Amino acid sequence: MTEWRYWLAEQRGTLIALGIFIFMFAIYITNHPAGLTPNVAQTASNKATLLALVAMAQALVVITAGIDLSIGSIFVLTNCLASWLVQGTPAETAFGIVLVLSVGLLCGTVNGLIVLFGRLQPIVATIGTGAVYFGIALMLRPLPGGSVNETLADAMTGKLLGVVPTSLVFLLAIVLLIWVPFSRSVAGRAAYAAGSSEQSAYMSGVPIRRGKLAAYALSGLLAGTGGLFLTFFTYSGEASTASASTYTLFSIAAVVLGGVSLYGGKGSIIGAIFGAFAFRTIGDLMFVFDLDALWQPLFQGVILLAAISFGSIGLLRVRNRLEWFR
Amino acid sequence: MDSIPLFQMEKVSKRYGGVHALEKADLTVEAGRIHAILGENGAGKSTLIKIMAGVVMPDEGRMLMKDQEMSFSSPAAAVRQGVACIFQELSLIPDLSVADNIMITDPPKRFGLIDRRKQRLIAMDALARAGAEDIHPAALVGDLPLSRRQLVEIAKALARDPKILILDEATSALTAADVEKVFAVLRRLRNEGMALLFISHRMNEITELADTCTVFRNGRNVATYEAGSRSENEVVEMMIGRHYSHVFPPKPRAAAIARRPALECRTLSWDNRLKNISLSVRPGEIVGLGGLDGQGQRELLLAIFGVLRGMDGDIFVDGQRVSINSPSAAKVQSLGMALIPEDRKTEGLMLPMSVRDNLSFAALDMLSVRGIIDSQAERQANEDMLRLLAVKTDGLNGPVSALSGGNQQKVVIAKWLMRKPGIILLNDPTRGIDVGTKQEIYQLLRRLAEQGAAILYYSTDYDELIGCCDRVLVLYDGTIKGEFAGNELNEHALVASALNVDHDMGRTRIEGPSS
């Protein structure tokens, strides 16, 4: 059967991202003095998981043909909140986690409601809400500080059975618990349909609003998960402008690298995960080649451009030039 | 017919702005019959269907389903009531798979999630009912060729188990082999008791398929008859009726005597939508492009203007073979082409920008010195144009969106006239503008021709083609089916040729579309 060909066509973006990641990670490992030891894997995985969570959040919105510039702010806000709440007895810690994740979900829902019912363009709406979320984060943590349940933090950033990085297992769990149900629900399909062709979706009677709202809400939840994980990683909270804006921008880069189309309707958050992994590896490559850290932004930019150009080869086949502008 | 009809529409009207798209239209649809709707461009067919499918709400009138009055507030509501529609512009989502698309409104679920295996079985069943077993349900719709997509669209409608199935030009993209298959499917559905509403521009398809026919003209239903009870000539007469007449400038007696053509195309072909088109336009001549909407006229103009890639055939300007690969190459002084686009809002104007900016866009190179715009020369040129075309505007600085439709269209034309083009291509420039402005445009075109311009003019209005053009070429399915000039240039000939009916014979010789 030709079954696998259709599967391949559908997963093309994700597979290219996986390929790019494996290629870069292989270069990294072969040049690493220690090779692929559990410790090396653990460090790489912890750093990559932060960006992966934020990129997954971004991917959900991008699939609906939107873009979320408040992702980094939600990430920072939930980090600051977690540095107050996620501590104490196991019960208190659990309650704190639920609260932090609810705030993430709420932030995403607010974004979705404004975009849907305020009829604002996502880019503008989320610049506004992002500033508000960051403002709240600043009030929570005017100065860096706070703490987190360290037993839990160490467990989440450690290794399972002494080999597998816990953070990877955590990512896998999120994919199974959030992405798989979403992608197979009516709301998930509506999100794709709205991103691919909103007119056709409307004409077909697809529940566009439900789909988009679900995508924005889950996006907030994932960004909140990212904020929580950042707290496990740093043991503290900080309302840092730098992390808010870099994570927002990197999430967009990772999403594109992961084969999610900015025009919407195409790609998956699994692709975004590999996109985030690949993007993180660029930074690690600098380390093994002993390049000055000053070169990192330039180097990252060049690699990103090369990878993205690779993905837009399809434009050469267009026969009506007006389609370039669609 | 004493039983209650399946669906009735009574005195339904719809206005867009001041234009009556439908005026007190009636329609009765019976179960187990194929009902064809005929009419010219703009006769109200599309509006009728949009109302039935819940896309637009009627201004007045009522609809009855099995004697129950009802109204559709959205396409989804119409589907729930058993009306499924296959639109001319497809309603498929390109980035989803065939199976996802077929089951888009109501997928089968298990534990609250979409049951993909079951969805796939239903999709395969629907594809089989649509005679498209060979389409793989996992294929992405965006990767399928147009004719396959149309079959998916039919399968999608069937999966909803409709009582009434509307097909709006649903066969226009199909190959001859697919048409046969689809027709067999449609007949089977009819025999199963479904009501089918069939809109097609292809007369032979209607003769072959329909049980009942209704003719629309100017937003009203003018006649309903049993299929086969009227000759094709009579049908064409009913479709034409009598129109309001325009005032056209007199045509020169012997236009453009045997001079070298300014524009010549030889065997142009593109993407199976233009097939072997050869034509020439001489200076001083207005050549019309006719035919039903969407037969390749738009593509032909785009091809000449350098927008399409991968085109076969040659284009000659003033006898020189040229290869034009973009609009900016087409407009250079040595070629001197201009294309007045069809949709002024997206392809003609930058709506929020000022009248001045819009007027100058196409001629910036002529108004600037070393990249700096000479504002003196610009104002002079702009004012000349406003005077020449009598554009009604508060001044050059206001946004062009504040002008009326007719004046906006004048700005689009003016911006190209600033280049003093020798070859002017027009894509239905009078659509949706008032009669007064239309007449001004006719006069202007004739004046430009007298000054030596070669004009290729596509219009969906037959009156315009007859009144304005020296010659008219009728396109059908991407080829030129007929050329009319002088006394042969009349409405009957144009309509008959557009429908690909041989009007001289008035009998039944009909050619199918070449595949």
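Modeller: Helices (H or I, at least four residues) and strands (E, at least two) are DSSP runs, numbered from the N terminus. This is a predicted model, in which local features need pLDDT of at least 70 and side-chain atom pairs count only at pLDDT 80 or more, while totals for chains, interfaces and linings use all residues. Residues are numbered from 1 along each chain as its sequence is written, and chains are lettered from A and ligands numbered from 1 in the order in which they are written.

Biologist: What separates the centres of domain 1 and domain 3 of chain B?

Modeller: Domain bounds here come from an automatic or database domain assignment. Chain B has domain 1 (7–240), domain 2 (243–336 + 423–515) and domain 3 (343–420). Taken over C-alpha atoms, the centres of domains 1 and 3 of chain B are separated by 43 Å.

Biologist: Where do the buried residues of H8(B) fall, seen down its axis?

Modeller: A residue is buried if 20 or more other C-beta atoms, placed from the backbone, lie within 10 Å of its own, exposed if 12 or fewer, and partly exposed in between. In H8(B), residues 232–240, the buried ones are B:Glu232, B:Val235 and B:Val236. They line one face of the helix, because their directions (from the helix axis to the C-beta atoms) fall within an arc of 100°.

Biologist: Which residue follows H8(B)?

Modeller: The buried residues of H8(B) pack against strand S3 (34–38), helix H7 (203–209), strand S11 (212–217) and helix H18 (491–498) of chain B. After the helix comes a residue with a positive phi, near 55°. That residue is B:Gly241.

Biologist: Which residue in S17(B) is the bridge partner of B:Val317?

Modeller: S16(B), residues 312–317, and S17(B) pair in the antiparallel sense over three bridges. The partner of B:Val317 in S17(B) is B:Gln320.

Biologist: Which element gives the most to the side of chain A that touches chain B?

Modeller: Contact means C-beta atoms, placed from the backbone, within 7 Å. By that rule, 27 residues of chain A touch 28 residues of chain B. H1 (3–10), H9 (186–196) and H10 (198–203) of chain A each give two or more residues to this side. With five residues, the most comes from H9(A).

Biologist: How many of the 11 residues of H9(A) are buried?

Modeller: Those buried include A:Val186, A:Arg189 and A:Tyr192. They pack against H3 (38–63), H8 (166–183), H10 and H11 (208–234) of chain A, together with H3 (98–102) and S8 (113–114) of chain B. H9(A) is largely enclosed by the rest of the structure, because the number of buried residues is 10.

Biologist: Is B:Arg370 buried or exposed?

Modeller: B:Arg370 lies in the loop between S19 (368–369) and S20 (372–373) of chain B. Its phi is positive, about 45°, although it is not a glycine. B:Arg370 has 4 C-beta neighbours inside 10 Å, so it counts as exposed.

Biologist: Where does B:Lys420 lie?

Modeller: B:Lys420 is not a glycine, yet its phi is positive, about 50°. With 14 other C-beta atoms within 10 Å, B:Lys420 is partly exposed. Its place is the loop between H15 (405–417) and S21 (423–427) of chain B.

Note on methods: Contact = placed C-beta atoms within 7 Å. Pairing = 2+ DSSP bridges.
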